[in-house]
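Subject: Structure for you to look at

Hello,

Here is the structure I promised to pass on. Please open it beside this email and follow along as you read.

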Amino acid sequence: MTDQAEGPLPERLARAITMGGPISIADFMGAANRHYYATRDPLGTAGDFTTAPEISQMFGELIGLWCADLWDRAGRPDAAWVELGPGRGTLAADALRAMAKAGFTPDVHFVETSPVLREAQAERVPGATFHADLTTLPADRPLIVVANEFFDALPIRQLVRAAEGWRERLVACQDTLFLPIAGKPVPDDVIPVPLRDAAPGSVLEVSPAGITLMRYLSARLAAQGGAALVIDYGHQGPALGETLQAVRGHAFANPFEAPGEQDLTAHVDFTSLAAAAETQGSTALGPIDQGELLVKLGVDARAAALARATPERAEAIVADRTRLVRDMGALFKALAVTASGWPTPAGFA
């Protein structure tokens, strides 16, 4: 469902469902987000949402210092710096500037499939190497990886507790009107034991794509050395709750309307990501709140320095700090994954 010659995405999805039957939430979300990110820059006031790097340079700078400090304490190896889903390249540009001041000037690798966003990233970070997935990342050196608001956009499956047991939620359609329905039963052994007897109507979300990606990344780190920092909104699971959402024009929307024209995301289960990382031999630390991490990394000192340098922006800088630390600080969490023998990253001791 990627050939534009076959018609608009809603028509292609409807045709596939009509011919083959209802599809999983994961298939619907995957197709919608592939089209969405491939055809636009969704960030900023003119887009659909704003991420932390777009709020303030402080975010990217502190992430860069986190990376540089870890690299320094690991013995200053010849490491590559990787960002998964780099947005416009704003975080990378700010992080690389801060890292350079600390003496860390690594080769830069972006995992990005959107041609629109690749163009924006290349403008901000000339010389970056682009990858469609993780398999082509350098295999001959440690990797220091950053993933900010990346895992939340990966496809999820939804399992719903019915009166007679658990079923997977699917997507059906009437013409190009898409709606969720209860699908086939799923065996109890795929449901975490504490949740199996949940009340009818309960929803459990799982992300096989996220788990698979984390396992692969962790195996690479275990073999090559390095670390990853994952920042996203989410929770420590397993937990019940329906978090699939759509955002369009900075407002929430029906996730089953206008596929490919709005951002679809779901909360990240950090417990599952951490467990996936540790099955491959890496160490998972956290999660901790984003606000806690930024405070430990020195956001207050950086905000004060910026306010002194640009007193006319002092109030705006305080507002940005508040948004990053207080408004986003508890919902957004940070998970660190490190290879054996690598030091404990700043903020996670």
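Val247 stands opposite Asp263 in strand β13, where two strands count as paired if DSSP finds at least two bridges between them. Strand β11 (residues 245–248) and β13 are joined by 3 bridges and run antiparallel. Helices (H or I, at least four residues) and strands (E, at least two) are DSSP runs, numbered from the N terminus. β11 and β13 belong to an open sheet of 3 strands with antiparallel pairing, in the order β12-β11-β13. Its edge strands are β12 (251–253) and β13 (263–265), each of which pairs on one side only. From one strand to the next the twist averages 40 degrees; axes here are lines fitted to C-alpha atoms, for helices over the stretch in contact, and angles run from 0 to 180 degrees between N-to-C directions. As background, strands of a sheet pair through backbone hydrogen bonds, either parallel or antiparallel.

Before going further, note that this is a predicted model: local features need pLDDT of at least 70, side-chain atom pairs count only at pLDDT 80 or more, and totals for chains, interfaces and linings use all residues. Residues are numbered from 1 along each chain as its sequence is written, and side-chain values use heavy atoms, with hydrogens and water left out.

Strand β10

Which strands pair with β10? β5 runs parallel to β10, and 6 bridges join them; within this pairing, Asn148 stands opposite Ile231 of β10. Strand β16 (residues 332–338) pairs with β10 in the antiparallel sense over 7 bridges, and there Ile231 stands opposite Ala334. Strand β14 (residues 268–269) runs parallel to β10, with 2 bridges between them; His235 has Asp269 of β14 as its bridge partner. Of the 10 residues of β10 (residues 226–235), 9 are buried, so the strand is largely enclosed by the rest of the structure. Buried means under 20% relative accessible area, exposed over 50%, and partly exposed in between (1.4 Å probe, protein chains only).

Helix α8

Asp269 also caps the N-terminal end of helix α8, with a side-chain oxygen 3.1 Å from the backbone nitrogen of Thr271. This is a polar contact, meaning a pair of N or O atoms within 3.5 Å; within protein, one must be able to donate a hydrogen and the other to accept it, and residues adjacent in sequence count only if both atoms are side-chain atoms. In α8 (residues 270–279), the residues Phe270, Leu273, Ala274, Ala276 and Ala277 are buried. Seen down the axis of α8, these buried residues fall within an arc of 160 degrees, so they line one face of the helix. The arc is that of the directions from the helix axis to the C-beta atoms. An α-helix has 3.6 residues a turn, so residues three or four places apart point the same way. The cover over the buried residues of α8 includes α7 (208–224), β10, β14, β15 (283–289) and β16, with contact meaning heavy atoms within 4.5 Å. Just after α8, Gly281 takes a positive phi of about 100 degrees.

Strand β6 and its neighbours

β6 and β7 form a hairpin with 2 residues between them, and they pair in the antiparallel sense over 4 bridges. Val160 has Arg167 of β7 as its bridge partner. On β6, Arg157 has Val206 of β9 as its bridge partner; β6 and strand β9 (residues 203–206) run antiparallel, joined by 4 bridges. Because 5 of its 6 residues are buried, β6 is largely enclosed by the rest of the structure.

Salt bridges

How many salt bridges does a search of the whole structure find? The search finds 18, a salt bridge being a side-chain nitrogen of Lys or Arg within 4 Å of a carboxyl oxygen of Asp or Glu.

Arg157 forms one of them with Glu168, the closest N and O atoms being 2.7 Å apart. Arg157 lies in β6 (residues 157–162) and Glu168 in β7 (residues 165–174), so the pair ties together parts that are 11 residues apart in sequence. Arg157 is partly exposed at 30% relative accessibility, and Glu168 is buried at 6%.

Glu164 and Arg167 also meet in a salt bridge (2.7 Å, N to O). Glu164 is exposed, at 56%, while Arg167 is partly exposed, at 23%. Elsewhere, salt bridges that share partners join Glu61, Asp94, Arg97 and Arg302 into one network.

Regards
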